[in-house]
Amino acid sequence: MSGTSKTFINRVIGFSLASWVNCIISLVATPITTALFPPEELGKIALFISYANVLIPFVYMGFDQAYVRFYNDPCGKNDKFGIFKICSFITLLFAAIVSVVVLVGWSYFSSNIVGSPNFWVALSLAIYIVAFLLSRMCNLKSRMDNNVKLFCLQSVISTVIIKMSFVLVVVVKPTAEYALYLRSLLLMIAFGWFFIKAMHACKNTVTDWSKPVLKELTKFSLPLFPTTFLVMLNASLAQIMLRRHVDFSQMGIFSNAATIAALITVVQSGLNAFWTPFVYEYYKEPSKIQKMHHIFSLLMFIMALFIILLQDPIYFFLVDESYWQSKTILALLVIAPVCDVLAETLGLGIELSKKTYLKLPVYVINIVVNVLACMILIPKFGILGAAAASAMASLSMLVARAVIGEHFYKCSDNYIKLIISMILLIGTGVVNYYLHSYVYVTIILSIVMVALIYKNECKIISIQGREYIVNKFKKKG
């Protein structure tokens, strides 16, 4: 396990580096953004992202995941570069189609996003979708190539553009519309350049566009589309349904809480970037996969609890007072990213068995629970109902994916650890809303209990972390 642990520590720290830098950028940008932009403007921006998320699966059509799947096992006469070119060109074709649909229906999309018809908002949405695709393919390529430096550079540039667009646009006019124009344009320029560089590296590659190759890629990809669509719809559903019952100001407050909860992606991004290459390298050794699953679980639960623990200083120093209402729902919103990471590990058997169609019932359950919860809770409780619906839907997805995935591949040898830790996290969310004065005692007790439950994993991280630091200092010496 020693070699695997070192691989884990090195890769996670390497791929997480971008997330740590992005986190710092976000922390610096948050007080500026919340001070300069009122909640209603951020609410419009959140809706823009929600509609983009719903449309993006129609661009991917599963071919982004096909690139990952066939990277180490290319079909036909292709090598890894040929697979990248094929998957990229196919997704660009779909991106062009989706962009045309957005521009034709510009009045509908812009009215739902900013409250009135605006062609330039629709054009920004079309540009953003294409830029997001280029970003996705470039990020996947650098991840699969284990090019940590390039992956970090791309991630940081993306964050700088997204966060700094708020600051730069203040010079012109601090409105959602102008921020969206600038963000979409800068993202297209940056990742258009990265994509051209990636294609240039593949220029001498022979690309096999034969019918058997396209058939195999399509057979793998298309069954993933409904699942990806449901995943993205589920992530955006609360925002879209909230708009029917609350104003843009409440939308902005909910979005702010989601942004703070997203600090957990400091760990999540590194783990996700590490996980896929690791799985296909070690899936024939289940004990290593199981240990990694428990380490993932420990890191996600601890990170989630620490975010809740630090919520008061985070809001006091970084968030304008007009957004402080969002603090009450923060603990509920961190449940979703925790469930997402755990579902990736416990649902591993679905990918390894190549039965990707089994993801569909998982996310059908997910979206049904989310829709019903939103319909029942949002009209009565507003943003609290949306946060609770998000948590309920994520938990249902985790359970469904674990039940199906574990049937094909045992990723966990101890479910009790996960169940107890999740109960502690949910309990902390309830206490945070209803009994806030007791929340700190609850969090500290929960952290101690999680550390005891995962004491073996704590030892692994501690030992390998020390070795990593010592080795780094030796190299510098």
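**Close-up 1. Surroundings of N234.** Leaving out residues up to four places away in sequence, N234 touches N366, I367, N370 and A393, where contact means heavy atoms within 4.5 Å. This is a predicted model, in which local features need pLDDT of at least 70, side-chain atom pairs count only at pLDDT 80 or more, and totals for chains, interfaces and linings use all residues. Residues are numbered from 1 along each chain as its sequence is written, and side-chain values use heavy atoms, with hydrogens and water left out. Helix α11 (residues 224-242) contains N234; helices are DSSP runs of H or I with at least four residues, numbered from the N terminus. The side chains of N234 and N370 make a polar contact at 2.5 Å (a pair of N or O atoms within 3.5 Å, one able to donate a hydrogen and the other to accept it). N234 has a relative accessible area of 13% and is therefore buried (buried is under 20%, exposed over 50%, partly exposed in between, with a 1.4 Å probe and protein chains only).

**Close-up 2. M188 and its contacts.** M188 is found in helix α9 (residues 176-201). Its relative accessibility of 24% makes M188 partly exposed. Beyond neighbours within four places in sequence, M188 is in contact with I127, V130, A131 and L134. Although M188 and V130 are 58 residues apart along the chain, their C-alpha atoms are separated by 7.4 Å.

**Close-up 3. V364 in helix α19.** Helix α19 spans residues 359-381 and includes V364. With a relative accessible area of 35%, V364 is partly exposed.

Methods
Helix = DSSP H or I, 4+ residues; strand = E, 2+ residues; numbered from the N terminus.
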